[in-house]
Amino acid sequence: MDIKYYGIFIFLSVSVAGLIFFAPFTNGSLNDELSTEKIGLNPRIFDENMVFSGDFSGNFEIYKYNIYSALKSKVSNNAGNQINPAINGDYIVWMDDRNGNWDIYKYYIPGNIESRVTYDPSNQINPAIDGDYIVWMDDRNGNWDIYRYSIPNNFEKRITSDPSNQINPAISEDFIIWVDDRNGKYEIFRYDMRSDFEFKISI
Ligand SMILES: [Ca+2]
Ligand SMILES: [Ca+2]
Ligand SMILES: [Ca+2]
């Protein structure tokens, strides 16, 4: 077992028949987390719609819950694990291990249409979404980088190329931010999509 700390998230990775399984744990001791039912993890909200991941039947699915109506609906329906959702506008995104490695999937709420976003055999995890753009952290280059996907153009773009780790991205309007260890410590960087320029935020 290999415990990796990424910001506030702790991933427990277990090799199962060559498959790397990352399970998210939020806090507390590992033994406590392993023995706790995981029926409501990583909630995110946009307007009155909340999304979360839960394991009600042996693997994780994504659920949507309307705060006003208290109606819960299952968004994903697959034997693999669907975790760490995000929601914005008409879309829900999440990380998904159905293909034997982690990929990003998106779900168009008005049409109830699920579609795969990433096809690379390495891991794409921890997605965030704002408007037309989905961002995630990606280890296809042997270290973590930030990637961005444009929904209307169906186009994927590498945002960071530094050989250190860029993790846990967030996005709003023209800015992508992430945690970056290029200077030997965890700092926050930002990327301006108008100028394609990245720099450290002094905090
Ligand atoms: Ca599932
Ligand atoms: Ca992948
Ligand atoms: Ca990197």
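Two strands are taken to pair if DSSP finds at least two bridges between them. By this criterion, β4 and β5 pair, in the antiparallel sense and over 4 bridges. Strand β5 covers residues 49-54. Within this pair, isoleucine 45 faces methionine 50 of β5. The structure is a predicted model, and the values below are computed from it.

Confidence was examined over the chain. The average pLDDT is 88. A score of at least 70 is reached by 83% of the residues. Residues 1-27 fall in another range, with pLDDT under 50 throughout. For this stretch the model has 37 contacts beyond four places in sequence.

The pair β4 and β5 belongs to an open sheet of 4 strands. The strand order is β4-β5-β6-β7, and the pairing is antiparallel. Strands β4 (41-46) and β7 (72-74) form the edges. Each of these edge strands pairs on one side only. From one strand to the next, the twist averages 25°.

A further open sheet, also of 4 strands, runs in the order β16-β17-β18-β19. Its pairing is antiparallel. The edges here are β16 (166-172) and β19 (197-200), each of which pairs on one side only. The twist averages 25° from one strand to the next. In general, the strands of a sheet pair through backbone hydrogen bonds, in either a parallel or an antiparallel arrangement.

Strand β16 was followed residue by residue. This strand is mostly covered, as 5 of its 7 residues are buried. It pairs with β17 (residues 175-180) in the antiparallel sense, over 5 bridges. Isoleucine 171 has isoleucine 176 of β17 as its bridge partner. Serine 172 has phenylalanine 175, also in β17, as its bridge partner.

The turn of this hairpin is formed by 2 residues between the strands. Glutamate 173 lies in this loop between β16 and β17. Its phi is near 50°, a positive value in a residue other than glycine. Glutamate 173 is exposed, because 10 other C-beta atoms lie within 10 Å and the cut-off for exposed is 12 or fewer.

Asparagine 126 is found in strand β12, which spans residues 124-130. Its surroundings were then counted. There are 30 other C-beta atoms within 10 Å, so asparagine 126 is buried. The cut-off for this class is 20 or more. Glutamate 173 is thus exposed, whereas asparagine 126 is buried.

Lysine 157 falls in the class between these two. This residue has its place in strand β15 (residues 155-158). With 14 other C-beta atoms within 10 Å, lysine 157 is partly exposed. That class lies between the cut-offs for exposed, 12 or fewer, and buried, 20 or more. Beyond its neighbours within four places in sequence, lysine 157 is in contact with Tyr147 and Arg148. Tyrosine 147 is 10 residues away along the chain. The C-alpha atoms of lysine 157 and tyrosine 147 are separated by 5.7 Å.

Definitions and conventions. Residues are numbered from 1 along each chain as its sequence is written. Chains are lettered from A and ligands numbered from 1 in the order in which they are written. This is a predicted model: local features need pLDDT of at least 70, side-chain atom pairs count only at pLDDT 80 or more; totals for chains, interfaces and linings use all residues. Axes are lines fitted to C-alpha atoms, for helices over the stretch in contact, and angles run from 0 to 180 degrees between N-to-C directions. pLDDT is the predictor's confidence in each residue, from 0 to 100. Two residues are in contact if their C-beta atoms, placed from the backbone, lie within 7 Å.
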